Amino acid sequence: MDLVDEYIEALLGYDRLAPQIRAHRVMQPCVAEFADKEHGLSANLGTFLKREGIERLYSHQIESLEAVRAGIDIVVATPTASGKSMTYNLPVIENLASSKSSTAIYLFPLKALAQDQMKIIDRISSAFGPLSGIRSAIYDGDTTDSERRRIRNNPPDILITNPEMIHLAIAPYHHLWEPFLKNLKYVVIDEIHTYRGVFGSNMAWVMRRIRRICRYYGSDPVFIMISATIGNPENLASELVARGVKGIRKSGAPQGKKHFVMINALEEGSSVTISLLKSAMARNLRTIVYCQSRKMTELIALWASRNSGEFRERISSYRAGFLPEERRDIEKKMSSGELLAVVSTSALELGIDIGGLDICILVGYPGTVMSTWQRAGRVGRRNRSSAVILIGGEDALDQYIMSSPDSFFDMPPEQAVINPLNSVIMKRHLECAASELPIDLIETGKTEFFSGDKIAQAILELESEGKLLRSAGGETLLSARKYPQRSLNLRGIGSSFKIMNQATSEVIGDIDGHRVFSDTHPGAIYLHRGEHYEVTELDFKKAIVMVSETGPHLFTRSRNIKDTRIVSAEKSSFAGSAAVFLGRVEVTEQVTSYEKRLVKGQKLIAINQLDLPSRSFETEGFWIEIPEKLKEKLVSEEMHFMGAIHALEHAMIGLLPMLVMADRNDFGGISIPFHPQTGKACVFVYDGFPGGMGLSRSAFDRICELLEKVEILISKCRCETGCPACVHSPKCGSGNRPIDKLAALFLSKLILAGCPEQKAVSESAGLLERYSSDHAAFTVIGGTDTKSGSRRYMKGQRYGVLDLETQKSAQEVGGWDKAHLMRISCGVLYDSADSEFHVYYDDQIHSLIEHLKNLDLVIGFNIIRFDFHVLRGYSDFDFWSLPTLDILDVVRQKLGYRLSLDHLAGVTLGEEKSASGLLALKWWKEGKIDLIQSYCQKDVEITERIFRFGLKEKYLLFKNKAGNLVRVQVDFGE
């Protein structure tokens with residue numbers, strides 16, 4: 001009997017586990033389907049194929065080869081281990097070998113995949129001999145500076161890299177890559193199913209930017225994309241590269257026999273996993289264990305190694321956050337057989353070569369059908385028998401699968417969702433694009449890169465914000481920053497924080513800024529390679545998390561509070577008797593405390609308070625308005641209404657990954673018994689990313705289906721009041737309180753039962769009318785503090801322009817914070833009422849102050865941060881209460897940095913200042929007050945002329961760091 005069959009037979013006959021087995025399916029082997037035509041490859045490639053033991057190509061490999069030869073963009077979406085690497089290597093290398101001027105880029109989301117591909121290319125290249133072989137090189141974050149220069153100066157035929165390097169090192173410095181990009185013939189993008197959500201939306205813009213640069217140099221590469229089996233490969237690929245793509249889905253590769261077993265272990269999941277792992281290793285079956293979190297990955301690996309006797313040193317954890325050299329070492333040991341088992345997060349879901357595996361244990365449902373089969377495909381390669389064991393955990397989605405296993409096996413793969421028009425992401429990439437090549441205003445709206453109303457609006461907003469600057473002639477837009485790419489993280493929505501061991505100052509990992517508050521707040525327990533660390537310090541300015549080693553008996557869980565404001569409603573529909581809306585919401589979150597729990601039994605031992613800043617962001621979501629009659633019905637039945645909607649929110653979020661390719665952590669939610677904007681109880685579910693990723697939008701049309709699944713899940717759960725298998729959430733900010741499972745079930749039934757009369761009336765009235773932009777629900781209470789920034793000029797106002805010179809320097813009085821001690825040598829105030837320049841000396845400053853009080857608007861250059869502080873030495877009057885327009889402040893807010901009056905005057909007016917502040921100080925000491933007055937009056941004249949120029953033209957001119965003459969938009973008033 002085959003060892004895998006023996007293993008499964010023993011598992012099915014194991015008395016302790018047999019009652020927990022929910023399903024056992026056997027996928028029978030299938031034979032290969034070869035192409036019925038000759039591929040016509042060169043003799044050298046034929047030699048390579050024979051050397052690899054490949055006599056014939058599979059049907060999908062030939063279909064790909066012919067499409068690429070014809071210059072057609074393709075996406076190959078066939079199962080794991082179906083020989084997808086040949087679908088791009090064969091046509092690319094065939095062309096590069098015959099046309100030595102052509103080049104190609106291979107893009108991989110992980111560095112380990114790039115290392116694997118380099119080995120394959122080298123094997124193929126060796127078939128051509130030393131003189132005509134294909135040169136390749138890896139260009140990634142691990143490449144040394146000297147090696148990078150060598151690659152740029154002498155580019156290879158195939159550049160193996162990743163999205164970050166295109167974004168950070170190639171697109172911004174494209175002039176250094178001109179020969180390579182001019183001849184770019186192919187772009188290969190592997191594992192495109194990983195480019196979804198934030199990462200995928202960023203990737204779509206990186207591809208638009210590199211295509212735009214290629215077009216600038218006269219090239220237009222063919223795109224070859226590779227994907228796992230997903231529901232919409234053609235759509236995803238087309239959105240990534242912004243043009244139509246041919247899909248190749250039918251695989252001709254053979255498959256070995258595969259067992260699939262489902263075990264509903266619930267609270268015993270960890271012990272069952274360790275037992276199954278030990279049994280597999282005892283039979284020398286090479287095993288991979290997938291966990292749902294970094295923490296569980298570390299714990300399983302730790303517990304398994306402690307209980308594995310002779311196999312203790314042959315088990316390792318593997319996850320994101322490990323340093324590159326750690327990951328490469330684990331991959332090497334797994335591939336060589338030195339390691340017999342690896343416990344991993346999704347980091348090893350992709351096609352990294354770690355050798356042939358036999359058993360795949362999934363600790364918890366991976367969240368999507370696609371991910372499940374992708375992980376399952378890591379075992380049983382080369383027609384070998386294999387087994388996949390799914391261990392259901394205390395999670396709503398897991399329990400739905402366990403209670404309805406047929407629904408999983410019959411379920412089609414999900415659709416991957418990206419949103420390139422996410423306003424946050426789009427604007428940041430437009431800024432990058434403008435820094436790489438100026439955006440021609442004629443180009444906007446007329447190319448696939450900048451077409452559409454949303455992009456046009458984003459460009460206008462960026463110019464208004466000072467992030468895009470119009471050229472002096474007004475024909476093009478340039479980025480205000482030289483390298484905006486450096487502040488854009490493709491894989492997250494915040495900057496990355498380094499995690500540092502306090503005792504050794506060693507960097508042991510990293511964490512995305514979006515998760516830093518919840519996962520690495522002060523006091524949090526952080527796990528890394530089996531070691532427990534406690535967070536001792538969170539430094540926001542340096543983006544560093546300091547940790548120190550601690551004992552293994554505790555773990556932590558953060559708690560938070562949330563608030564949601566409806567910004568706009570776009571769509572409406574009904575889920576039974578409840579109105580449902582899709583729109584924009586503003587979410588404010590704050591981590592307020594954290595729980596300390598014992599690892600054993602998860603007993604709560606303490607709740608500690610935190611003082612962390614809140615985080616607000618606008619995103620996309622849907623919300624269900626609970627009719628008042630349903631609320632009254634629950635109350636009359638003596639059910640906990642808040643507990644009902646809270647439980648309903650958790651169950652919906654838990655099951656959403658069945659409808660959309662996402663993780664439950666990609667969503668947020670909040671239940672409110674009375675929302676002030678709607679006047680009703682509401683359950684909100686939203687994308688957990690600024691701008692929104694399109695996830696809630698994809699789920700909106702399937703709300704009834706979602707509620708039906710919620711009803712099935714809750715009704716089949718055997719708990720009494722609620723548990724993680726139905727309505728508890730591991731991420732709940734209030735510790736899953738209050739929760740009422742039975743009330744949520746009752747409410748879902750009431751909603752789905754519907755009320756036709758009410759529905760008809762509501763539809764005829766028009767739901768969205770209640771969410772019009774002028775509705776009271778969208779009134780923002782509060783206003784702008786007049787002291788916080790500059791005011792605008794209103795037509796007909798009496799304004800004055802002020803400048804002061806001082807008797808002492810900042811150094812003489814002990815620093816700029818002591819400006820009130822500097823004393824005034826001369827002050828000049830231009831008054832628009834009489835068009836005169838009024839001069840004031842040290843003994844006349846009180847008259848100057850009274851003059852200022854009579855003006856409708858006071859104008860100056862750095863007046864808020866300097867002149868008013870100097871005047872404070874003469875009076876207790878609150879100068880910041882004066883209606884003030886500070887030109888320096890307006891420009892600084894637009895650009896993010898200061899420009900001198902001399903620079904603005906020289907570029908905008910073609911006029912220079914007559915002297916400087918240092919010279920005026922010298923004149924004071926020499927008693928040359930007449931020269932000071934003349935200089936001060938000249939500055940006032942220049943400031944007033946700059947004000948009038950900006951008032952009329954709505955911009956000022958300056959030279960940016962690149963030496964370009966550009967405009968900065970200003971709004972001084974009417």
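**Exercise 1.** Why is helix 15 (residues 369–376) largely enclosed by the rest of the structure?

*Solution.* The model is predicted: local features need pLDDT of at least 70, side-chain atom pairs count only at pLDDT 80 or more, and totals for chains, interfaces and linings use all residues. Residues are numbered from 1 along each chain as its sequence is written, and side-chain values use heavy atoms, with hydrogens and water left out.

Step 1. Helices (H or I, at least four residues) and strands (E, at least two) are DSSP runs, numbered from the N terminus. Buried means under 20% relative accessible area, exposed over 50%, and partly exposed in between (1.4 Å probe, protein chains only).

Step 2. Helix 15 is largely enclosed because seven of its eight residues are buried. These are Val369, Met370, Ser371, Thr372, Gln374, Arg375 and Ala376.

Step 3. Their packing partners are strands 9 (258–264), 10 (287–291), 13 (359–363) and 14 (386–392), together with helix 17 (405–409); contact means heavy atoms within 4.5 Å.

**Exercise 2.** Determine how many disulfides the whole structure holds, and examine Cys30 and Cys360.

*Solution.* Step 1. With a disulfide taken as a pair of cysteine sulfur atoms within 2.5 Å, the search of the whole structure finds zero.

Step 1. For Cys30, the nearest cysteine sulfur belongs to Cys360, 18 Å away. Cys30 is partly exposed, at 34% relative accessible area.

Step 2. Cys360 is buried, at 0% relative accessibility. Its sulfur lies 11 Å from the closest cysteine sulfur, in Cys291, and therefore too far for a bond.
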